[in-house]
Amino acid sequence: MLRHPLIGRLISGIATLLGVAVLVFIMLRAIPGDQITANLGIEAAGLTPDQRAALEAYYGTDQPLVAQFFSWLGQVLTGNLGFSARAQTSVAALIAASLPVTAELAVLSILIAVLIGVPIGMLAASRPDSVRDGAGQSVALLGLSIPAFLLATVLLAWTSRSFGFNPNGKPYAPLWVDPVTNLQQLLLPALTLGIGIAAPIIRTTRTAVLEVRGLDFIRTAKAKGVGPRRLQAKHILRNALVPIVTMTGLQFGYLLGGAVVVERVFSLPGIGRQVLLGIEQKEYAVVQSTVLVIALAFVLVNLLTDLTYRLIDPRVRAA
């Protein structure tokens, strides 16, 4: 019974990836300028027609747009994601170096967001329309209102001034090389993103818990004398997990490509920063292939979220 829904999700995911590939390809070509101008600057004006034609042939921009698209897509399907003239290495190598940074940042951010969002959401829902509820919703509103770049800048300035700690002061240290330095460098970025993501998790948790609290089986459990803590953990939270997991999965997928501002502020060599540099340098292969990998990760996260539904809610398995 699981086979048909999962096959449908896989087909939908493939269609999504194809749509992303087409949209990114078109949007990049709509940006003024090209890779020749981005690399040479004002010197590009002095190129002769033959020199420009040779460079266009080198970068593959001398072909019609349809031919360029299918040429790039064919190379991707064979495992060749392209080459970065700026970094003088393959796009696959760039992604292999930057994706673990963003993935680790996303995991830490989600952990912080869940540890903040779920307890506050449950506290807010425990007494609707009370001071506790108002305080919880105010925290959520505050998290939604503060821009990530502003919070990142404030945290960076505060820790540098108060504790003499600046995560940008050292080159990035991978987790497997120097775990202590790595966690120090990722703590503030993860806290910045986690506070912002906690806001929708607070709202989702509050709404889901309030909905479950009004169901008949909760009143039956209360009548049987189930204690408040057991009622909250075993009956209410467990049955409210599906929307919470949905929101958490969506936010995790967003983090894989949407952490570019925070990565830029904290000088993290993540995948979002790589896309930004690729756009600035008009490196089409870098941007297209990297965005496609981000979209693939997003699809896989959504698929994993669907599988998680079936583990936590028997009604989904039955359906």
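Start by selecting Q251. Beyond its neighbours within four places in sequence, Q251 is in contact with I110, I197 and P200. The model on screen is predicted. Q251 sits in helix α11. Is Q251 buried or exposed? Q251 is buried, because its relative accessible area is 17% and the cut-off for buried is under 20%. Q251 and A198 are 53 residues apart in sequence, yet their C-alpha atoms are 9.6 Å apart in space.

**Zoom out: the whole chain**

Colour by secondary structure. The protein chain has 15 helices and two strands. It counts 319 residues, and 37% of them are buried. Among contacts with a separation of 6 or more, 72% link residues 24 or more positions apart. The accessible area of the protein chain comes to about 17,400 Å², and carbon and sulfur atoms hold 68% of that.

**Go inside: the nonpolar cores**

Hide the surface and select L105 and F266. These two have the most contacts inside the largest nonpolar core, which has 38 residues. Which helices each supply at least two residues of this core? They are α5 (91–126), α7 (148–163), α8 (179–213), α9 (216–223), α10 (228–239), α11 (241–258) and α14 (284–312). Helix α8 gives the most, with 10 residues.

Stay on F266 and show what surrounds it. Not counting residues up to four places away in sequence, F266 touches A152, L156, P167, N168, L188, P189 and T192.

Next, select I95, Y284, V286 and I294. They belong to a second, separate core of 23 residues.

**Select N182**

N182 lies in helix α8. N182 counts as buried because its relative accessibility is 0%. Show side chains here. A polar contact of 3.5 Å joins the side chains of N182 and E104. Leaving aside neighbours within four places in sequence, the residues in contact with N182 are E104, Y172, A173, P174 and L175.

**Find the salt bridges**

How many salt bridges are there? The count comes to two.

Select D133 and R206 for one of them. Their side chains meet at 2.7 Å, N to O. D133 lies in helix α6 and R206 in helix α8, so this pair ties together parts that are 73 residues apart in sequence. Both D133 and R206 are buried.

Now move to E280 and R264. Their side chains meet in a salt bridge at 3.7 Å, N to O. E280 lies in helix α13 (residues 271–280) and R264 in helix α12 (residues 260–265), so the pair ties together parts 16 residues apart in sequence. E280 counts as partly exposed because its relative accessibility is 39%. R264 also counts as partly exposed, at 41% relative accessibility.

Helix α7 contributes the largest share of the patch, three residues.

Finish on L142. L142 lies in helix α6 (residues 131–145). Is L142 buried or exposed? L142 counts as exposed because its relative accessibility is 52%, and the cut-off for exposed is over 50%.

How values were computed: Residues are numbered from 1 along each chain as its sequence is written. This is a predicted model: local features need pLDDT of at least 70, side-chain atom pairs count only at pLDDT 80 or more; totals for chains, interfaces and linings use all residues. Side-chain values use heavy atoms; hydrogens and water are left out. Helices (H or I, at least four residues) and strands (E, at least two) are DSSP runs, numbered from the N terminus. Buried means under 20% relative accessible area, exposed over 50%, partly exposed in between (1.4 Å probe, protein chains only). Contact means heavy atoms within 4.5 Å. Accessible areas come from the Shrake-Rupley method with a 1.4 Å probe; for residues, only the protein chains shown count as cover. A nonpolar core is a set of buried Ala, Val, Leu, Ile, Met, Phe, Trp, Tyr and Cys residues joined through side-chain atoms within 4.5 Å. A polar contact is a pair of N or O atoms within 3.5 Å; within protein, one must be able to donate a hydrogen and the other to accept it, and residues adjacent in sequence count only if both atoms are side-chain atoms. A salt bridge is a side-chain nitrogen of Lys or Arg within 4 Å of a carboxyl oxygen of Asp or Glu.
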